[in-house]
Amino acid sequence: MSVHDELTTVQRCLDDLVRSVGRLERQLGSGSLEIRRVRSDTNHLRESLALLRETAVAAAGPAQRPDLVTISDAPYDPSLWVDTDDEGLGARDRHAP
C-alpha cells in the first residue's frame with residue numbers, strides 16, 4: 001500500500017474512534033476525568049495525523065517520472081547474432097531432433 005492509502009485508512013479508523021468516543025460521552029456524561037482524557041487524546045491524535053499527512057505530502061513532492069530510454073529504429077548489427085541459437089529451433093548449422 002502507498003503512504004497515501006495508509007494515511008487514508010488511519011484517518012477512517014480515527015474518525016470511527018471519534019464517533020465511538022462521542023457515543024460514550026453521551027452515555028457516561030462528559031464530566032468525568034477519564035472521558036475528558038480520552039476525548040483529549042483523540043483530539044491529539046487528529047492533530048498528529050494532520051501534521052503527519054502534511055509532512056508526508058511535502059516529503060513525497062511531485063511524482064517522479066522515470067528516465068526515458070530512447071530505442072533506435074535502426075536495425076541491430078548482424079555480428080551480435082553470430083554463434084547464437086534460435087530459441088526453440090536450435091543452432092543454425094544443426095537440425096532439430
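First, the ground rules. The model is predicted, so local features need pLDDT of at least 70 and side-chain atom pairs count only at pLDDT 80 or more, while totals for chains, interfaces and linings use all residues. Residues are numbered from 1 along each chain as its sequence is written, and side-chain values use heavy atoms, with hydrogens and water left out.

Let me start with the layout. The chain has two helices and two strands, in the order α-α-β-β along the sequence. Helices here are DSSP runs of H or I with at least four residues, strands are runs of E with at least two, and both are numbered from the N terminus.

Helix H1 has 26 residues. How far apart should its ends be? At 1.5 Å a residue, H1 should span 38 Å, and its end C-alpha atoms are 37 Å apart, which agrees. The expected span is 1.5 Å times one less than the number of residues.

Which residues of H1 are buried? They are Leu-7, Leu-14, Val-18, Val-21, Gly-22 and Glu-25. Buried means under 20% relative accessible area, exposed means over 50%, and partly exposed is in between, with a 1.4 Å probe and protein chains only. Across the 97 residues of the chain, 10% count as buried.

After H1 comes Gly-29, with a positive phi near 90 degrees. Ser-32 sits in the loop between H1 and H2 and is partly exposed, at 29% relative accessibility. A polar atom of the Ser-32 side chain lies 3.4 Å from the backbone nitrogen of Ile-35.

Now the salt bridges. Side chains of opposite charge can pair when their charged atoms come close. The rule used here asks for a side-chain nitrogen of Lys or Arg within 4 Å of a carboxyl oxygen of Asp or Glu. How many salt bridges does this rule give? The count is three.

One of them joins Asp-16 and Arg-19, with the closest N and O atoms 2.2 Å apart. These two are three residues apart in H1, about one helical turn. An α-helix has 3.6 residues a turn, so residues three or four places apart point the same way. Asp-16 is partly exposed at 38%, and Arg-19 is partly exposed at 46%.

Another pairs Glu-25 with Arg-39, at 2.8 Å from N to O. Glu-25 lies in H1 and Arg-39 in H2, so this bridge ties together parts that are 14 residues apart in sequence. Glu-25 is also on the buried list for H1.

Then there is Asp-15 with Arg-46, where the closest N and O atoms are 3.9 Å apart. This pair links distant parts of the chain: Asp-15 is in H1 (residues 3-28), Arg-46 is in H2 (residues 33-60), and the two are 31 residues apart. Asp-15 is partly exposed, at 24%, and Arg-46 is too, at 39%.

Last, the surface. The accessible surface of the chain is about 8,700 Å², and 57% of that belongs to carbon and sulfur atoms. Areas come from the Shrake-Rupley method with a 1.4 Å probe; for residues, only the protein chains shown count as cover.

Ile-71 is in the loop between H2 and strand E1 (85-86). Is Ile-71 buried or exposed? At 63% relative accessibility, Ile-71 counts as exposed.

Note on methods: Polar contact = N/O pair within 3.5 Å; in protein donor to acceptor, adjacent residues only side chain to side chain.
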